[in-house]
Amino acid sequence: VSEFAEENDLRDIFERFGRVTRVFLAKDRETGRAKGFAFISFQDRGDAAKACEKIDGYGFKHLILRVEFAKRAT
């Protein structure tokens, strides 16, 4: 995501697909700007899958979003 993105921007985009329970936008501690990635949690996994399908490749603030399910740490 853009370094100028805000959590509310992301919530607005993803809530179209279902109930969003959490938005975590990683930010730089010194500048307060977004680091370029976020985690969006949905109440229902089916809604999350629909959002992944529809929002992956979506243009947002001059960037193309890449959306996928988080992978477990190995």
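The following legends describe close-up views of a predicted model. Local features are reported at pLDDT of at least 70 and side-chain atom pairs only at pLDDT 80 or more, whereas totals for chains, interfaces and linings use all residues. Residues are numbered from 1 along each chain as its sequence is written, and side-chain values use heavy atoms, with hydrogens and water left out.

View A. Helices (H or I, at least four residues) and strands (E, at least two) are DSSP runs, numbered from the N terminus. Q43 is exposed, at 56% relative accessible area; exposed means over 50%, buried under 20% and partly exposed in between (1.4 Å probe, protein chains only). Beyond four places in sequence, Q43 touches R19 and T21, contact meaning heavy atoms within 4.5 Å. The C-alpha atoms of Q43 and T21 are 5.9 Å apart, across 22 residues of sequence. A polar contact of 2.9 Å joins the side chains of Q43 and R19; the term denotes a pair of N or O atoms within 3.5 Å, within protein one able to donate a hydrogen and the other to accept it, and residues adjacent in sequence count only if both atoms are side-chain atoms.

**View B. S2, in the segment before α1 (7-14).** S2 is buried, with 7% relative accessibility. The side chain of S2 reaches the backbone nitrogen of F4 at 3.0 Å. Apart from neighbours within four places in sequence, S2 contacts A34, K61 and L63.

**View C. K61, in the loop between β3 (59-60) and β4 (63-64).** K61 is partly exposed, at 38% relative accessibility. Although not a glycine, K61 has a positive phi of about 50°.
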